[in-house]
Amino acid sequence: MKPSPETKLLRGRDIVWIACCFFAFISIAFSCKQEIKNHKYTIAFSQCVGGDTWRQTMLQEMQRELSFHTNIKFLYKDAGGNSAVQAGQIDSLLLQKPDVLIVSPNEMNALIPAIEKAYNSGIPVIEVDRRINSEKHTAFIGASNYEVGENAGKYAAALLKGKGNVAEITGMPENASYIIDRHNGFVQAISHYPQIALLKRLNNQVPADKRFASSIEAYLSQNKNIDLIYAQNDFMALDAYKACKKLGLEKEIKIIGIDGLPVKGGGLDMVANKYIDATILYPTGGQEAIQTALKILEKQPFPRENQLGTVIIDSTNVRIMQLQNAKMQEQQQDIDRRQKVIEQQELVTQNQSLIIYAISVTLALALILGGILFYYFQENKKINLRLAHQNEEILNQRNQLIELGRQAQQASEAKINFFTNISHEFRTPITLILAPLEEMKNNNRLDNVSKQYVSLIQKNSLRLLKLVNELIDFRKIESGKYKLQVTENDLVQFAEETLSAFKTIARKRNIDLRLITKERSIKTWFDVSMMDKVLFNLLSNAFKFTSDGGYIYVELEREEHTVTVKVEDNGIGMSPQFVTHAFELFYQENIGDKLGSGLGLSLSKELIQLHNGAISVQSKQGKGTTFTIVLPLGKENFSEEQIAEERYAEKDTVNENMFLTQLGREEIESNDTGAAGKSDNTILIIEDNADLRGYLAQKLGENYDILEADNGVAAVRQAFDNVPDLIISDINLPGKDGFTITNMLKTDIRTSHIPIILLTAKTAMQEQVEGMKSKADAYVTKPFNMLFLEETIKSILKNREILREHYTSQLPVELKSQPVAKKLDRKFINEFTSIVEKNMGNVSFSIDEICRAIGISRIQLYRKVKALLGCNVNDYILSVRLQKAKYLLNETDISIAEIADNVGFSSAAYFSTVFKNRFVVTPKDFRDKGKVVK
């Protein structure tokens with residue numbers, strides 16, 4: 001049995017699905033590989049004190065060794081000599097789960113709990129320099145202080161030739177293990193020489209105490225039989241040298257120090273400068289600690305006890321040591337530079353690998369898809385051959401089905417187009433209703449009764465507009481395009497004004513409608529438009545299901561952080577099943593022979609949730625229903641983007657302005673009453689609706705010169721012929737739509753500077769974005785507020801004037817360096833100024849030459865230059881020539897007649913007259929004074 005075409009199609013889909021899964025698997029595997037490749041080890045280092053030079057050298061050695069390993073993350077903590085602080089720092093480092101912990105202890109017992117905790121948790125622990133009284137460590141690295149003292153004693157015996165008196169200088173605390181070991185080693189070494197006596201042991205109780213040198217000086221003054229000073233570090237040895245030098249004993253007393261640091265001012269420098277006779281190298285172990293840690297991480301063998309060797313540095317080997325250290329530093333710098341180059345190359349290689357991988361995957365996918373398409377092509381040929389042999393009856397039925405499908409598709413498309421364009425069809429007549437009504441309402445000559453009728457018409461027109469807007473509200477909620485714009489409002493006043501819209505129907509049906517609250521005012525933050533939709537929907541439902549003579553109560557109650565709004569009625573109520581599903585989308589149930597749309601309550605819930613609030617319902621059949629809304633109090637519940645700038649004042653004002661753009665529904669206020677007369681600006685109105693176009697022309701004609709066009713073709717011709725100062729265009733137009741017109745005018749050098757306002761009933765955010773992408777300057781939706789449109793026009797023209805003043809502030813020479821609003825305008829100005837400057841010395845140079853060079857008409861050139869530079873063409877050319885003349889007068893010695901000829905004046909006399917009229921000084925006086933005249 002042959003497989004059907006549908007089966008083969010399914011197989012093709014399976015192939016596509018398998019191919020996609022395959023490439024997804026490869027992508028995930030590659031990502032995991034990259035992640036493993038970039039994995040980093042973490043080494044944590046706890047230093048007892050990092051302030052002295054020796055321990056800073058230890059840290060530098062660690063960092064130098066780490067520079068060879070880019071996959072290591074290094075954590076460092078300095079306890080400042082406080083063991084309690086160091087214990088806490090070790091605990092904090094353990095929280096970051098290091099792979100190895102390096103500790104340089106301050107005391108032998110204080111850190112035992114913290115270090116054993118790390119060791120017991122499975123983290124390798126390396127002790128550096130000093131030990132703790134515990135065997136729970138992975139490795140120890142350090143030199144023997146006893147050996148250091150012993151080497152110092154042997155060298156002292158050699159210097160003294162077996163006899164003499166020695167003074168010892170130690171640090172703090174005196175009972176520290178390293179001080180005792182260095183002392184014992186020294187004593188052990190000199191014990192073999194009976195004629196060497198250790199006379200005095202001085203203890204420096206305060207580190208880096210400047211008075212210690214004075215103490216040594218006082219001791220030496222009283223004991224002049226000292227032959228050698230043994231200091232337990234180089235800096236105390238330096239203090240001893242200073243004391244000896246002050247007493248003139250620097251050549252008589254030998255000095256030995258400990259540490260031998262290869263840093264500036266360290267032990268090596270002291271020996272090289274002959275401040276001290278020798279120093280015993282005490283290695284820091286920083287490099288060895290990192291090397292041992294890496295062996296542990298890489299599962300390589302390592303010694304648990306790492307005894308570092310020491311060496312005596314004196315005049316015989318100090319030069320070699322310095323050269324070796326200098327060479328090491330140079331090599332380290334070279335290594336650092338090479339490491340940076342390697343890292344850059346690795347980054348380039350990684351990027352290239354990603355590109356190659358992406359290209360490979362793309363090519364492979366293209367080949368697979370090509371094969372699938374070829375397969376489909378072959379299968380389609382076979383299907384067509386089989387269908388060609390079917391009987392005529394089946395063919396007729398197939399054709400009938402195709403026709404029915406086509407008709408259904410056309411009907412579906414017509415429905416979609418209807419709902420897409422219905423807002424435009426509704427909004428235009430609503431605009432023509434609302435705009436005159438607004439003016440009539442503000443007419444003081446109307447009597448109160450007429451004003452009430454006008455207000456009634458206006459409110460119901462706004463309700464009609466609200467119904468139009470609700471056709472697309474749910475789509476906005478679903479796509480996340482409903483933007484919250486909250487203001488601080490009086491909820492009591494808001495509720496009263498909402499209820500006022502229902503008082504007439506309540507009186508007619510004898511329904512007790514009232515607002516119940518203990519508060520005179522409840523200030524809270526909410527979006528007035530959204531909350532109006534919610535409350536209006538709940539009240540509409542209440543009136544729908546409440547019998548005549550019943551009651552509907554709206555209760556407001558303020559609590560500490562929230563405010564509660566209840567809408568209660570004694571209507572027919574809901575079934576338990578409906579209460580459960582009341583807020584579900586499109587859920588419907590017959591309630592008293594009334595079937596809802598299933599959208600209102602769901603939409604209300606979404607709007608309340610946007611406010612970070614909650615809505616619930618309680619109902620019993622035959623007894624009534626209560627909807628409860630809980631809203632948060634306070635501005636802090638909303639982001640800055642959700643907070644509008646202006647406050648809601650009156651509900652009617654908001655309703656009057658609901659037809660403004662989605663960017664703001666606040667009241668448009670302006671203190672500008674308009675100019676006394678008509679301005680010299682020209683506005684082109686492009687609108688196919690004759691009534692709306694006539695209304696706009698009438699209103700705007702009071703302050704501007706008006707041009708009109710009812711289709712896209714005529715509009716483009718009007719724009720090119722007249723070059724207006726501003727264009728107002730609808731989007732849905734015969735011939736060319738508003739987007740096409742905007743794009744054409746903004747990309748033509750003759751009209752690119754003209755600001756364009758798109759006036760349309762399309763309110764979707766995507767359509768507004770499309771309008772702005774076409775380089776429109778503003779996007780105003782119908783129905784619009786006339787005052788808002790007038791203020792938008794004023795703002796755009798004012799901003800154009802400010803921009804023109806900005807980039808023509810130093811007209812004309814410096815003009816080209818100033819910013820220009822648009823690329824085409826900048827190109828036009830560059831071409832225009834270049835032509836003028838090239839022809840500066842041409843006496844017969846005319847405006848017609850500029851028009852021919854740029855390719856625009858004379859009137860277009862005049863209007864373009866006027867719009868962008870604020871001056872006419874002749875004034876600009878004259879200004880350029882005079883600016884050039886000022887420069888030549890200041891910077892050259894050529895004659896005034898030659899300057900006049902160079903800048904395009906027919907005679908020196910005419911040049912002098914024009915120059916004096918402009919700068920109130922003759923060219924000769926200007927040159928003599930040697931100053932720039934503004």
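**Figure 1. Contact between helices α14 and α16 in the predicted model.** From α14, the residues Phe494, Ala495, Thr498 and Leu499 meet Val528, Met531, Asp532, Leu535 and Leu539 of α16; contact denotes heavy atoms within 4.5 Å. Helices (H or I, at least four residues) and strands (E, at least two) are DSSP runs, numbered from the N terminus. By class, seven nonpolar, one polar and one charged residues form the contact of α14 with α16. Here Ala, Val, Leu, Ile, Met, Phe, Trp, Tyr, Cys and Pro count as nonpolar, Asp, Glu, Lys and Arg as charged, and the others, Gly among them, as polar. Residues are numbered from 1 along each chain as its sequence is written. Local features need pLDDT of at least 70, side-chain atom pairs count only at pLDDT 80 or more, totals for chains, interfaces and linings use all residues, and side-chain values use heavy atoms, with hydrogens and water left out.

**Figure 2. Crossing geometry of α14 and α16.** Two packed helices are described by the angle between their axes and the distance between the axes. The axes of α14 and α16 come within 11 Å and cross at roughly 50 degrees; α14 is therefore oblique to α16. Axes are lines fitted to C-alpha atoms, for helices over the stretch in contact, and angles run from 0 to 180 degrees between N-to-C directions. Angles under 35 degrees count as roughly parallel, over 145 as roughly antiparallel, 65 to 115 as roughly perpendicular and the rest as oblique.

**Figure 3. The largest nonpolar core.** Among the 45 residues of this core, Leu491, Leu538, Leu539 and Ile629 touch the most other members. A nonpolar core is a set of buried Ala, Val, Leu, Ile, Met, Phe, Trp, Tyr and Cys residues joined through side-chain atoms within 4.5 Å, where buried means under 20% relative accessible area (1.4 Å probe, protein chains only). Elements that each supply at least two core residues include α14 (491-500), α16 (528-545), β17 (562-569) and β19 (624-632). The largest share, nine residues, comes from α16. Leucine 538 touches Val567, Leu601, Ile615, Phe627 and Ile629, not counting residues up to four places away in sequence.

Figure 4. Glutamate 790 touches Lys699 and Leu700, not counting residues up to four places away in sequence. The C-alpha atoms of glutamate 790 and leucine 700 are separated by 7.7 Å, although these residues lie 90 residues apart along the chain.

Notes
Buried < 20%, exposed > 50% of the residue type's maximum accessible area, 1.4 Å probe, protein only.
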